[in-house]
Amino acid sequence: MQPPSNLRVLNEAREVALLVYRATASFPEDERYGLVAQMRRAAISIGSNIAEGCGRDRNSALLPFLHQGMGSANELELQIDIASRLGFGQRDELEATRERLDKTKAMLAQLIAALHRQKRKTPDADQR
């Protein structure tokens with residue numbers, strides 16, 4: 001089991017979620033249950049999956065949750081693009097969110113790759 005606070009990527013995911021909440025606050029009211037809800041759900045899901053995976057008893061059990069988090073990050077990336085193309089929200093807020101999301105995805109990809117390398121090196125003994 002890994003304390004979630006040990007992972008910098010979780011802090012980045014938290015910041016992405018906060019940025020999404022701020023950016024979507026100015027979206028049209030009729031999008032409250034549409035794109036706003038989808039974006040917020042995807043943003044929260046990134047960090048939630050990372051945190052849930054940290055509660056597993058070995059690093060190999062963390063990997064599927066990290067992949068789920070990456071999937072949610074990819075969803076959010078598409079949703080930010082759609083919001084931007086529709087002219088929703090403030091352009092600078094969406095761009096800042098996209099940049100932070102890119103950083104989070106890169107960190108997540110590095111962690112996934114490191115755990116895969118570790119798993120290949122020690123297939124029988126799952127290292128922490």
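The protein chain contains four helices and zero strands. Helices (H or I, at least four residues) and strands (E, at least two) are DSSP runs, numbered from the N terminus. Read along the sequence, the pattern is α-α-α-α. The model is predicted; local features need pLDDT of at least 70, side-chain atom pairs count only at pLDDT 80 or more, and totals for chains, interfaces and linings use all residues. Residues are numbered from 1 along each chain as its sequence is written, and side-chain values use heavy atoms, with hydrogens and water left out.

The C-alpha trace of the protein chain spans about 55 × 20 × 20 Å along its principal axes. Of the 128 residues in the chain, 38% are buried. Here buried means under 20% relative accessible area, exposed means over 50%, and partly exposed lies in between (1.4 Å probe, protein chains only). Contacts (heavy atoms within 4.5 Å) were also examined by sequence separation. Among contacts in the chain with a separation of 6 or more, 75% come from residues 24 or more positions apart.

The largest nonpolar core holds 33 residues. Such a core is a set of buried Ala, Val, Leu, Ile, Met, Phe, Trp, Tyr and Cys residues joined through side-chain atoms within 4.5 Å. Phe 27, Met 39, Ile 46, Ile 50, Leu 66 and Leu 76 touch the most other members. At least two residues of this core come from each of α1 (8-24), α2 (35-54), α3 (59-86) and α4 (91-121). Neighbours within four places in sequence aside, Phe 27 is in contact with Leu 35, Val 36, Met 39, Ala 83, Phe 88, Gly 89 and Leu 94.

The packing of α1 and α2 was examined next. Their axes come within 9 Å and cross at roughly 165°. Axes are lines fitted to C-alpha atoms, for helices over the stretch in contact, and angles run from 0 to 180 degrees between N-to-C directions. The angle therefore makes α1 roughly antiparallel to α2. Angles over 145 degrees count as roughly antiparallel, under 35 as roughly parallel, 65 to 115 as roughly perpendicular and the rest as oblique. The crossing of α1 and α2 is left-handed. A left-handed crossing has the near helix turned anticlockwise from the far one by less than a right angle; clockwise is right-handed. On the α1 side, the contact is made by Val 9, Leu 10, Ala 13, Val 16, Ala 17, Val 20, Tyr 21 and Thr 24. On the α2 side, the contributors are Val 36, Met 39, Arg 40, Ala 43, Ile 44, Ile 46, Gly 47, Ile 50 and Ala 51.

Gln 79 lies in helix α3. With 9% relative accessibility, Gln 79 counts as buried. Leaving aside neighbours within four places in sequence, Gln 79 is in contact with Leu 35, Gln 38, Met 39 and Ala 42. Ala 73 also has its place in helix α3. Its relative accessible area is 1%, so Ala 73 is buried. With the neighbours within four places in sequence again left out, Ala 73 is in contact with Ile 46, Leu 101 and Lys 105. Ala 73 and Ser 45 stand 28 residues apart in sequence; their C-alpha atoms are 8.3 Å apart in space.

Side chains of opposite charge can pair when their charged atoms come close. The structure holds seven salt bridges. A salt bridge is a side-chain nitrogen of Lys or Arg within 4 Å of a carboxyl oxygen of Asp or Glu. One of them joins Arg 100 to Glu 12, with the closest N and O atoms 2.5 Å apart. This pair links distant parts of the chain, Arg 100 in helix α4 and Glu 12 in helix α1, 88 residues apart. Arg 100 is partly exposed at 27% relative accessibility, whereas Glu 12 is buried at 10%. Lys 103 also meets Glu 12 in a salt bridge (3.5 Å, N to O). Lys 103 lies in helix α4 and Glu 12 in helix α1, so this pair ties together parts 91 residues apart in sequence. Lys 103 is partly exposed, with a relative accessible area of 43%.

Another salt bridge pairs the side chains of Arg 85 and Asp 81 (2.9 Å, N to O). Both residues lie in helix α3, four residues apart, about one turn of the helix. Arg 85 is exposed at 69% relative accessibility, while Asp 81 is partly exposed at 25%. Through shared partners, salt bridges join Glu 12, Arg 100 and Lys 103 into one network.
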